[in-house]
There are 2 protein chains.
Amino acid sequence: MDEVKIIELKESILEDNDKDAALLREELKSAGTCLVNLMSGPGSGKTTTLLALSKYLNDTLKWGVMEADIDSAVDAVTLQKAGIPSIQLHTGGMCHLDADMTRQGIRSFEIENPDLIFLENVGNLVCPAEFDTGAAVNMTILSVPEGDDKPAKYPLMYQTCSLLVVNKIDALPVFDFDKERLERDARKLNPDIKIFYISAKTGEGIEDLASYLIEKVREWK
Amino acid sequence: MDEVKIIELKESILEDNDKDAALLREELKSAGTCLVNLMSGPGSGKTTTLLALSKYLNDTLKWGVMEADIDSAVDAVTLQKAGIPSIQLHTGGMCHLDADMTRQGIRSFEIENPDLIFLENVGNLVCPAEFDTGAAVNMTILSVPEGDDKPAKYPLMYQTCSLLVVNKIDALPVFDFDKERLERDARKLNPDIKIFYISAKTGEGIEDLASYLIEKVREWK
């Protein structure tokens, strides 16, 4: 089943992650590669969102996904089966990725000159927000069943991200979810945050999100 | 709105958390207090489950809740309003609680000789699993919308917990969720794990879970 490449990441020995992340960002800028650091809690639909986006990204961009998990390769296998170039990164128990770990992943990636790489970070709203990975865009997904109170509880995640995607809007009738409260709390932390509402399952809102990401890649080049 | 006591926890300076946790567990055993460390990803329904349990616990036990979050006091306020003695612990950005932080919380708690204290840990499937809090019972909640693949991705959490509660089963018709896969993966990591299926929203399964917890408290005394 595991036809994907699995990279066992080594813990970084670098002390200054911010400096290293700035360097990686410059390297990626020179190479014309836009790195998107995709974060969320567990089970918010990061992989399903990438699958849904592929329909719109495939014709326009050379892109791929680095899946980071503590264990298993289920997500990379899912994407690979759908024809999306993917590798699985294992963090060796670590709860996040830093810039050096991200670089290890990128070096193991076999697409030549990609326009866009998604780093699907470990499902965790706390630790990944603390470490700059060198990404051009920090993107977070919040799914409707998780509730509208997440910005209040995990403020750093929403301060760090420029792009907030609210997923599973097809489940809005089943859950109490106050969009106004969410937007108010998120914008209090980050006035410029861009918010999209999608259902990766039904496809609603995916085309707009894809257009936004394609535009971000063009700006980066 | 914040009528609850908020404790700003200090980072522990103790080096041997396992030893400190064993000591705290002994102290709690002597005091006849059963500490339940309640863990889950963000938005799985920890607070709602405690609210639902209160109906069955209130007549039988003297109990309360310590809510741990990075920021906000929304959960402790919710519980307090429902008449459940609660305090809010702020972790100062930390992604988990250790035994010393748990002890700081317990010392600030104003119930005399409680039978049961829930520590509602930071919503995170990674880091809390790594730190023994001194609890008698480690309990984890997985909600249906998060998906059945969580044991495969976050193995330590399921190895660490003796009690797995699957919440939001009222949403089963809306999501693909394979109970057999979940149970197989969870039992592979932890053959003795006890599994309950509940809906904190509709009340389904709550009475059985409450009976199990009351029994655990009796065994502990």
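Analyst: I111(A) sits in the loop that links helix 4 (99-107) to strand 5 (116-120) of chain A; helices (H or I, at least four residues) and strands (E, at least two) are DSSP runs, numbered from the N terminus. Keep in mind that this is a predicted model: local features need pLDDT of at least 70, side-chain atom pairs count only at pLDDT 80 or more, and totals for chains, interfaces and linings use all residues. Residues are numbered from 1 along each chain as its sequence is written, while chains are lettered from A and ligands numbered from 1 in the order in which they are written.

Buried or exposed? I111(A) counts as partly exposed, because it has 15 C-beta neighbours inside 10 Å. On this scale, 20 or more other C-beta atoms within 10 Å of a residue's own make it buried, 12 or fewer make it exposed, and partly exposed is in between, with C-beta atoms placed from the backbone.

Setting aside neighbours within four places in sequence, I111(A) is in contact with K62(A), G64(A) and P85(A). Contact here means that the C-beta atoms, again placed from the backbone, lie within 7 Å. As for S54(A), 57 residues apart from I111(A) along the chain, the two C-alpha atoms are separated by 16 Å.

Now for the sheet. Chain A has an open sheet of eight strands, paired in parallel in the order 1-4-3-5-2-6-7-8; strands pair if DSSP finds at least two bridges between them. Strand 1 (5-8) and strand 8 (194-197) of chain A are the edges, each pairing on one side only. From one strand to the next, the twist averages 20°; axes are lines fitted to C-alpha atoms, for helices over the stretch in contact, and angles run from 0 to 180 degrees between N-to-C directions.

Zooming in, strand 3 (residues 63-69) and strand 4 (residues 86-90) of chain A share five bridges in the parallel sense. M66(A) has I87(A), in strand 4 of chain A, as its bridge partner. Helix 2 (residues 46-57) of chain A packs on the sheet and touches several strands, among them strand 2 (34-40), strand 3 and strand 5. The direction of helix 2 makes about 170° with that of strand 5 of chain A. Helix 3 (residues 74-81) of chain A lies across strand 3, strand 4 and strand 5, and runs at about 175° to strand 4 of chain A.

Conventions:
Contact = placed C-beta atoms within 7 Å.
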